[in-house]
There are 2 protein chains.
Amino acid sequence: MLVSELVRRSAVPLATVKYYLREGLLHPGQRLSARSADYDDSHVRRLALLRILREVGGIPVGRLRALVEATEDTRLSVHDMFARATEALAPASRPAGPHHDEAARLAERLVTETGWSDIRPESLNRKNLVGVIEVLAEREAGVDERGLTFYAGVADRIGQAEIASLDKAKDRVDLLEDMVVGTVVYGELLSVLRRLAEEHHSAQRFRDRY
Amino acid sequence: MLVSELVRRSAVPLATVKYYLREGLLHPGQRLSARSADYDDSHVRRLALLRILREVGGIPVGRLRALVEATEDTRLSVHDMFARATEALAPASRPAGPHHDEAARLAERLVTETGWSDIRPESLNRKNLVGVIEVLAEREAGVDERGLTFYAGVADRIGQAEIASLDKAKDRVDLLEDMVVGTVVYGELLSVLRRLAEEHHSAQRFRDRY
DNA sequence: GCAAACTGGATAGTGGTACTGTCCAGCAAG
DNA sequence: CTTGCTGGACAGTACCACTATCCAGTTTGC
């Protein structure tokens, strides 16, 4: 199909398609001549994916490129590919502050206790964990370790269920796509549901208080 | 204290403090003369809060203002104040698409089933729930209702624990601050932990696959 | 056979957000 | 009485994600 068709089927504006092409988020189509190229279903699907990641996940274009590169590097094993993808979905880590060492110790202990033996030492998510715990440490001198354990337990159950739901039989690109969409849209689902739960329970608890 | 002192204690640049003052995120200090004003601890604390919400939560300045207004409207009951705060923390809702009605039905059923009787009908979070379910419906014709129920159950437990941990005895401003910081930083903690769990379990499951 | 529509590609412009910097006149302290 | 700092107004910057325009060269419909 030509661009016009791609634009029609994906409902993404031409200018945006061109932008994504320029940014390497979309392969150039198969050249038909100097002035036209052939795009296929993979482009339509990719575009749908990119729009979800941008609109629901708010993932910046630069990180989408990292994601695309992870998909395309066929030398990577599936779990290396996943690891790269998670990094791309995670926000940039914050600079270390005064409570860094304490936070790093707590994070380390939490990861070990929860049994997460397969997290790479250099994982960005690990750094981000330290960062968040640092913020907590700055506010409430003496971080509630039982609280951390509670969250880690819940997160573990969620992550396990999500990975288990991935269909092993698919090819690597489909697998990665399912994983990425899952992380992003179920992540958003979870936070919306969490806010709803907070709204409900705060009403229950504080209804009688002026 | 004078601005210079406020800047020193909060480590927020003067230009930014002035900007927040202009935007109504910070009250003007008590006037001492035409050219000086007195700021206090409440300004330092507010600044720390604003920085956390911006840097950890990425909440835009406009929504921070809505949050501040909720704190300051003393006519509001505590739970109305909370409801307003949650709205400010939630992202803007997406426009309705073709699967809107189906999604709305699913959302409605999910909220009822989970027992969230105290969610206001006009709650923004409710609209956002419909939006996320719509995205799911667009991708996978036939949304997995058991999956939704699983997430709602988990979210309910988290929300309940979070609200329960709020100390009823505090005054309304402190209460709101705890709630807001909790929502934002524990929200971030949860997503970091969830990504870590995914990283671990994906390694477990896909280690052997090239 | 030829004008209108469309193509890929290059490049410039837009709108939004969150600051950041500069300038000013007026106090206040040393 | 000068040096430094103040609140206030306002202009400027940096980044991001598009969006628009222009171009020269096809391709298509008549």
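1. By class, the surface near DNA strand C holds 10 nonpolar, 6 polar and 5 charged residues; nonpolar covers Ala, Val, Leu, Ile, Met, Phe, Trp, Tyr, Cys and Pro, charged covers Asp, Glu, Lys and Arg, and the others, Gly among them, are polar. A residue is near a strand if its C-beta atom, placed from the backbone, lies within 6 Å of it.

2. The model is predicted: local features need pLDDT of at least 70 and side-chain atom pairs pLDDT 80 or more, while totals for chains, interfaces and linings use all residues. Residues are numbered from 1 along each chain as its sequence is written, with chains lettered from A and ligands numbered from 1 in the order in which they are written.

3. Among the 21 residues around DNA strand C, those that come nearest are Val3(A), Ser4(A), Tyr19(B), Pro60(B) and Val61(B). Two or more residues each are given by α1 (3–10) and β2 (36–38) of chain A and by α2 (14–22) and α4 (61–72) of chain B. The largest share, 4 residues, comes from α2(B). Helices (H or I, at least four residues) and strands (E, at least two) are DSSP runs, numbered from the N terminus.

4. Helix α3 of chain B (residues 41–55) has 15 residues and reaches 21 Å from its first C-alpha to its last, close to the 21 Å expected (1.5 Å times one less than its number of residues). Its buried residues (20 or more other C-beta atoms, placed from the backbone, within 10 Å of their own; exposed is 12 or fewer, partly exposed in between) include His43(B), Arg46(B) and Leu47(B).

5. Ala11(A), in the loop between α1 and α2 of chain A, has a positive phi of about 60 degrees although it is not a glycine. Ala11(A) is exposed, with 9 other C-beta atoms within 10 Å.
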